[in-house]
Amino acid sequence: MPALAVDAAAPVAHAFACDAARFPAPLLGPAACPTADKPDAAVWSADLSSTLYNVDGWGAPYFFVNDDGDIAVRPHGAATLPGQEIDLAKVVAKAASPRAGGGLGLPLPLLVRFPDVLRHRVEALNAAFDYAMRSTGYGGRYQGVYPVKCNQDRHVVEDIVEFGEPFRFGLEAGSKPELLLAMSCLAARGNPDALLICNGYKDDDYVSLALMARAMGLNTVIVLEQEEELDIVVEASRRLGVRPVVGMRAKLRTKHAGHFGATSGEKGKFGLNAAQILSVVFKLKVIGMLDCLQLLHFHIGSQIPTTALLGDGVGEAAQIYCELARLGAAMRVIDVGGGLGIDYDGTHSAQTDISVAYSLEEYAAAVVAAVGRVCDCKGVAHPIICSESGRALVSHHSVLVFEAFSASAPGRIDPATGYLLDELTDDCRADYRNLMAAAVRGDFETCALYADQLKRRCAEQFKEGILGLEHLAAVDGLCEIVARGMGAAEPPRTYHINLSVFTSLPDIWAIGQMFPIIPIQRLGERPAVDGVLSDLTCDSDGKVERFIGGRHSLPLHELPVHGTRGYYLGMFLGGAYQEALGGLHNLFGGPSVVRVSQSDGPHFFAVTRAVAGPSCADVLRAMQHEPEVMFEVLKQRTDGATAAALARSFGAMPYLSFDPEAASMASGEGSGMSSDSEGSAAGVVEDDDEEWEFMRGLTV
């Protein structure tokens, strides 16, 4: 360490705040001075925000920044007419505002569904395959299915079946409850020719249920994931007297190398290898059921990055399909599985798992070309092409909106604490003097070394009880302003969000997935703060600190002053998997939900369904607790007014509420339900049953 001749006993000239006369000039700069002029916000625009967050890259054709600086939705994609765009900030205002003011009184977080976007996705997928087939003279047709595992929400599944009815669009199930909901939905509103694909591991109950569906007139196909499942299918079909339609999942050699390719290749989790496929064909032929084998299924993996890999895998599967036809199977359908990817970061790149290097139209063209080429070479009739493109169908249709309610304060130096440096020990004061001398010389490297030594020495003396907490804070503040004066970037500030990552963004925590997250309003203003997001859970993993574009912080605005509307962020392209995978860490439940359709009203949208998120009582029940009993136990220890407050607590959502009026609306006040005990002068519960009915009425 460089040694300077200093007098440790000499008084120190304190250099806090932005006092240029008392602080070495080399350390002064815009970063070191809290009052330094900020860039003129007037030069900023909504277009610049759109570029900054790459909204046109990941959001097209559905999301854009409007002239008001809000995120807006084109519900019909590129076909959306002027005046049909939906301002997302206005939707949130309608949903979250109190009922007394014309709002819906829903607590945040809020999941906003756009069924018009879902309809457009279904139509666009079918149009892409239709164009690819007509332009190449393909002799078969496209007949897709939606894998309900991507989002099992009742209204999502029903919408897809309804929107897909003109296209014979069907459903795929991977478990018995999924099969039951698929059967019910297709029977009620599906096209009679729509496929019902039964994937997943199977027992006798599963197979019997699938055969019942076929007996009901549903176009059910039982896909063998394992060779042994054939025996279950044959035995159940004989017992029930229903002749099955069977498919096989092939284990291809083609392998997807990305994170989502673990189910591909010869060592994949699912499927039959070449020997097992031949064994199934032989068994079916022996028992006179080879005509039941009509479908070949495969799955390279989700988020297939390129059409080259896609074409390679589809071509390999098409060869197997043609071989099965040659062996005498009555082949009709080739199911290319999932894999149609989403461009989460808008880079149109094949280098990561969060982007893909093709469009929807290019995907369809690659599949059709690969199947047609192989079948033409083998002299086999073009089959029906089926895909299980769930992620591509539902990712865009919903937006998760949540509030940032506070943020860590930027580093500030209090001039009033300067005297504390006079009370440091001699060795610490010497480090400080040396630090200042290095700063005067402009020797930032030496300055950084002395700052680090001063900080470490003071920390040790604090542990020994020599220095107080005030001294430690003063030294930390000094070292921070030194670092900023040397040009070090201010560390990202932490924005605290009213959300559980584990409940609503599970893939961020579990697999490092990145979704577009941006403010949904104030995009006409310059975002002057770099921030990371920290959720409500008591868990260090409950944070978001990696963002699309390779960022480790997110450009954000200063939070509004207390008493104004909140600062709302949106997570986009999360309509697949997140709802079903979300857990109950810290007993935070799911968000409130609204369905919003384009309309001719004043704001061009109508809320067609609104549901508050699960209450505290609901999440407690999910963990086998009995809120009714808990309430009775607690009520015995309090008076009537407090009991009513307890009832409201059970009925409220677990998330934070900063608006007393909105909180009262969310927990049932003003809804026509009340507790007679509330406000009782004697503090005595007048009607226990009515009090509990009040609480029960608040739960979803």
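## Exercises: cysteines and an open sheet

A search of the whole structure finds zero disulfides, where a disulfide is a pair of cysteine sulfur atoms within 2.5 Å. The model is predicted: local features need pLDDT of at least 70, side-chain atom pairs count only at pLDDT 80 or more, and totals for chains, interfaces and linings use all residues. Residues are numbered from 1 along each chain as its sequence is written, and side-chain values use heavy atoms, with hydrogens and water left out.

**Exercise 1.** Describe the open sheet of eight strands and the packing of helix α7.

*Solution.* 
1. Helices (H or I, at least four residues) and strands (E, at least two) are DSSP runs, numbered from the N terminus.
2. The order is β5-β6-β7-β8-β9-β10-β11-β12, with parallel pairing; two strands pair if DSSP finds at least two bridges between them.
3. At the edges, β5 (145-147) and β12 (384-386) each pair on one side only.
4. Strands β8 (residues 219-224) and β9 (residues 246-249) pair over three bridges.
5. Within this pair, V223 stands opposite G247 in β9.
6. Helix α7 (residues 204-215) packs on the sheet and touches β6 (170-173), β7 (195-198) and β8; contact means heavy atoms within 4.5 Å.

Conventions:
Axes are lines fitted to C-alpha atoms, for helices over the stretch in contact, and angles run from 0 to 180 degrees between N-to-C directions.
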